[in-house]
Amino acid sequence: MKKSFLNSDVPFITEMVQGKTAKQSKEKIEKAIAGGATAIGLQLHVMPEEEKSKESLIDLFSSTKNLPLYVTNYRGDKN
């Protein structure tokens, strides 16, 4: 069964990722995984709308290597 925030018996080591571009976020995700993260939190609110194309988001989500992922996109750039 795929790992999930809902079906795990142990806590995850979750890296919170914020990047001003999709490329920067992807690089941070890759570094987080290399550093031992077992889940990713992606905060999209800091990224301009033009960086949030369908293709960019698919690429970002795919870069998590099937780790559990949750995404936030707060209004007004505030979390």
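Strand 2 (residues 39-43) and strand 3 run in the parallel sense and are joined over four bridges, where two strands are said to pair if DSSP finds at least two bridges between them. Strands of a sheet pair through backbone hydrogen bonds, in either a parallel or an antiparallel way. The model is predicted, so local features need pLDDT of at least 70 and side-chain atom pairs count only at pLDDT 80 or more, while totals for chains, interfaces and linings use all residues. Residues are numbered from 1 along each chain as its sequence is written, and side-chain values use heavy atoms, with hydrogens and water left out.

**The sheet and its helix**

The open sheet holds three strands in the order 1-2-3, with parallel pairing; strands (E, at least two residues) and helices (H or I, at least four residues) are DSSP runs, numbered from the N terminus. Strand 1 and strand 3 (69-72) stand at the edges with a single partner strand each, so one side of each has no neighbour in the sheet. Neighbouring strands are turned by 15° against each other on average, direction ignored. Helix 1 packs on this sheet and touches strand 1 and strand 2, and its direction makes about 160° with that of strand 2. Contact here means heavy atoms within 4.5 Å, and angles run from 0 to 180 degrees between N-to-C directions of axes, which are lines fitted to C-alpha atoms, for helices over the stretch in contact.

**Salt bridges**

How many salt bridges does a search of the whole structure find? The search finds two, a salt bridge being a side-chain nitrogen of Lys or Arg within 4 Å of a carboxyl oxygen of Asp or Glu.

| Pair | N to O distance |
|---|---|
| Asp 59 and Lys 26 | 3.2 Å |
| Lys 52 and Glu 49 | 3.1 Å |

The pair of Asp 59 in helix 2 (residues 54-62) and Lys 26 in helix 1 (residues 22-34) links distant parts of the chain, 33 residues apart. Asp 59 is partly exposed, at a relative accessible area of 36%, and Lys 26 is partly exposed at 25%. In the other pair, Lys 52 is buried at 14%, whereas Glu 49 is exposed at 59%. Buried means under 20% relative accessible area, exposed over 50%, and partly exposed in between, with a 1.4 Å probe and protein chains only.
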